[in-house]
Amino acid sequence: MAATLTGSNTKLRDDLIRLLGTERVMDSTLERHLYAKDAGVYIGNPTVVVMIETTEEVAQVVRAARHHGVPIVARGAGTGLSAGAVPEVGGVVLVTTRMNRIEEIDAENHTAWVGPGVINLDLSRATTPFGMHFAPDPSSQSACTVGGNIACNSGGPHCLSEGSTVNHILALEVVTDTGDVMIVGGGAPDPIGLDLRGILVGSEGTLGIVTRALVKLTPNPPDVRTMAVAFPDIEDAAATVSGIIAAGLIPAALEMMDQLMMQAIENWLHAGLPVEAGALLLAEVTGVTEAVEAEAEIITRIAHGNNALSVQVAVSPQEREILWKSRKSAFGAVAQAAPDYYLHDTVVPRTRLVEAMRQVYEIGQRYQITMMNVFHAGDGNLHPLMAFDASEPGRLDEVKAAADELVEICVEKGGVLSGEHGIGIEKRHLMPLLFTEMDLDAQARVKEAFDAGGVFNPGKVLPEGSRCFDFGRPVPEGAWV
Amino acid sequence: MGYQTPYAPTRSELSSCIQCGLCLPHCPTFRLTGKETDSPRGRLTAMTAVLDGVTGIDEVFTETISFCLGCRACEPVCPSMVPYGRTLEGARAEIAAQKGGAARRLRGWIMETWLGSPAIMRVITWATAMVQHTGLARIAPRRVRSGLRGLRHIGWRTASLRGRSFEPERAPVATVGLLTGCIMGPWFAEVHQASIALLVRAGYRVVVPSGQTCCGALAAHDGAADGAARLAVRNAAAFRAVDYVVANAAGCSAHLKDYHHWAPGDTLGEGWQVRDITELAAEAVEDGRLPRLEEGRGVVALQHPCHLRNAQRIITQPRVILEAAGYQTTDIDPVCCGAAGFYSILRPDTSARLGRDKADEIGRTGATLVASANPGCEMQLRSHLAGEYRVLHPVELYMQALSDAPEGQA
Ligand SMILES: Cc1cc2nc3c(=O)[nH]c(=O)nc-3n(C[C@H](O)[C@H](O)[C@H](O)COP(=O)(O)OP(=O)(O)OC[C@H]3O[C@@H](n4cnc5c(N)ncnc54)[C@H](O)[C@@H]3O)c2cc1C
Ligand code: SF4
Ligand code: SF4
């Protein structure tokens, strides 16, 4: 078996060069190093990197990789945070950034066929003239690809009302482990047969390579109100969130950040955030003008009932844009506090937000790690950010230990492991916290059904030993295990 | 292995990149190839790899760093405020120091001694004028021809401004020292004239120190670091007595503002203050020191030079000036036009591709008048725009409008 996939693999490289030409096959030390990690903290070791342009090329690369017993790791923009695109055990890194064509926009049916390398925000920009957008809006949307969004089932601030990526994908063209091309799903909202599309979305590149997607486009709302509400502390902000939901409103977005986070953002963006306040709540309501005005008023009232210090309503599109920009640049702004950061992503039931937050700060204090917080308050999706310096010996391990504690407290409270960033390598070892052996075995069997040879992103998502009953299954020729 | 010069990218500069990837879509070279090696994040990671000894300064590293336009579009979008432009200069200095062949050394020498010498600039100007006036341009090689197309009409001789000073009518607001630059003096004489007239009108005393030399930006961007540092030291001395150093080429003002990268110790002195002319002009319009003229002069397409927008975050000022001149402005997408200093000579294909894109975009605006506050961009735009286009500095457009204005208004 190709157990030593470190360093380059000349035969495989030569085959790939025959298929793609030298410009699209990279295997020098430096090139491999630049594809060794995503935006998270784990580092892998690519064998070779290929730039793909067509579905047929993907199929050929899959066959070549199988032939040489080398796994394939798909990569979009590499903004993932859970090491999904990190070739942990070596392999072909298959880069989709050149498959970035928006093939056709069907304005009447609100759909579009797009390549996996299309940048999320580019898609929304291209559909603006039709009065539509692609609803999933991760904070990384200016950079991340639709393929990455699909693989991670990514969410964003507006998923509170619109749902995550899976709700916006109608069909996928996928290259399978045999190098065949299949289409799953279709234009109908509920295609007949087993819903393979639902299985593929969120599978983090472990079941196949997405080469095209039929996405659902969402009409732009007729009117919007975006409000920035300052509070003395997180508790008041959280109480306001509960109050808003209890009043029967489902705002388009409800986002919160704490004081440290606000300060870091303000330092870079000069957006005029209320940095003296303990917490900031961003609330957005969409709909017809009468409705948004009424809802904005209710939110203002609830906020004042919970000690709000100030309520600012964005009037112009520019004001709205700068508020969202401040929210979406939060992660990057942390680096001003320390050279490295570890961004976490867990979920707690909204009702237990405040106690979870207290524990987050407590863990930070115990480990002496600066914790900054920004989160999708509407659905209890926490993103504690730990700023640290990885060059201090042992620091990274402490941070990882603190991160595990964070997940544990969230799961204890009835939450889940990951809100939107996926499992990848990062949270694989924590899967048993949430799933029984039977659960994990069921998932491992799905993986096996799609990719018996383990050619796609091996080792990701499911912890080793997930498959309980695999007695002496024959391993196909050339398979990588 | 590793770095060898004092200019090298430092650990703290490099570690401020958290690899979030938010800069990727803003990078023109990444947009062209989709490769990590051609992205800001990739380049920073590559610089770190050399620092850590993962790799040396090899061919791949050199290509990665040379392909960069130095447009710094990656800087304003970086929430972690990575000083990319500084690290790039450092990486180029290292490549030059470790891999500098004869060609590179020659280039470095030319950039320091020729650009720094008014006499040599006069000879080059004379030769260029000769080519322009005699029609020799038609038989020049293609690369040179397209460059020549970008030039303004060059006079045989321009009177030197060095050593002169210009007084405002009333007590001066401040004394500013005008950088005449290497090629700006003879090739963009009209821009200097307009700049001086505008500054004097806005109440500044303008001096043109005679000890000054080329700002050193071209040398710095090409890795000729020691030369760039020597030019910086000379200018620091020449401009000692002014309140502000002012430049009317975005590339120069950006570089002058970064002199602390180059000038050792306290060479710059406490009061080293640099302004681009567009900053002073817009300020004067807003303070009422320059009049707002009647509207209706038509539409001008406003190009945002990278070294104005990305390096100095000067975004609204050129518009303020043009609107005060009576123009309506339409913005051109701020992607690098591909001029990028010597880039257009070193990598003509990429440069031409970006230049053509920019020309197409200007075409779509419908405007035939284009404003650019950087001579390099101006030449690139002119050489790619076919037809009846005029490309001028915003300050020139303002001064033209002012001289056209009826008595009472001006
Ligand atoms: C600053 C910042 C903010 C972020 N904010 C959010 C947020 O708000 N919400 C959120 O959900 N995430 C967020 N993320 C995480 C990340 O941006 C998303 O997971 C995004 O969808 C990843 O897209 P990508 O193109 O960068 O994918 P990559 O990182 O390149 O890959 C991610 C995964 O997708 C797989 N993959 C990529 N393309 C394909 C394909 N064509 N076929 C099969 N598998 C494929 C890879 O193998 C990998 O497992 C953020 C990240 C950063 C750095
Ligand atoms: S340079 Fe800035 S924006 Fe780009 S990856 Fe690094 S931190 Fe992110
Ligand atoms: S300076 Fe321009 S070309 Fe170079 S990395 Fe930054 S954005 Fe890309």
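**Close-up views of a predicted model**

**View 1. Strand 1 and strand 2 of chain A are paired in the antiparallel sense over two bridges, strand 2 being residues 48-51.** Strands here are DSSP runs (E, at least two residues) and helices are DSSP runs (H or I, at least four), numbered from the N terminus, and two strands pair if DSSP finds at least two bridges between them. A:Met26 has A:Val49 in strand 2 of chain A as its bridge partner. This is a predicted model, in which local features need pLDDT of at least 70 and side-chain atom pairs count only at pLDDT 80 or more, while totals for chains, interfaces and linings use all residues. Residues are numbered from 1 along each chain as its sequence is written, with chains lettered from A and ligands numbered from 1 in the order in which they are written.

**View 2. An open sheet of four strands in chain A has the order 1-2-4-3, with mixed pairing.** Strand 1 (25-26) and strand 3 (72-75) of chain A stand at the edges with a single partner strand each, so one side of each is left without a neighbour in the sheet.

**View 3. Ligand 1 lies between chains A and B.** Its shell holds 41 residues, counted as near if the C-beta atom, placed from the backbone, lies within 6 Å. Among the closest are A:Gly76 and A:Gly205. Helix 5 of chain A gives the largest share, five residues.

**View 4. Ligand 3 is surrounded by 13 residues, and the closest include B:Cys27, B:Pro40 and B:Cys68.** Helix 2 (28-33) and helix 3 (40-51) of chain B each supply at least two residues of this shell.
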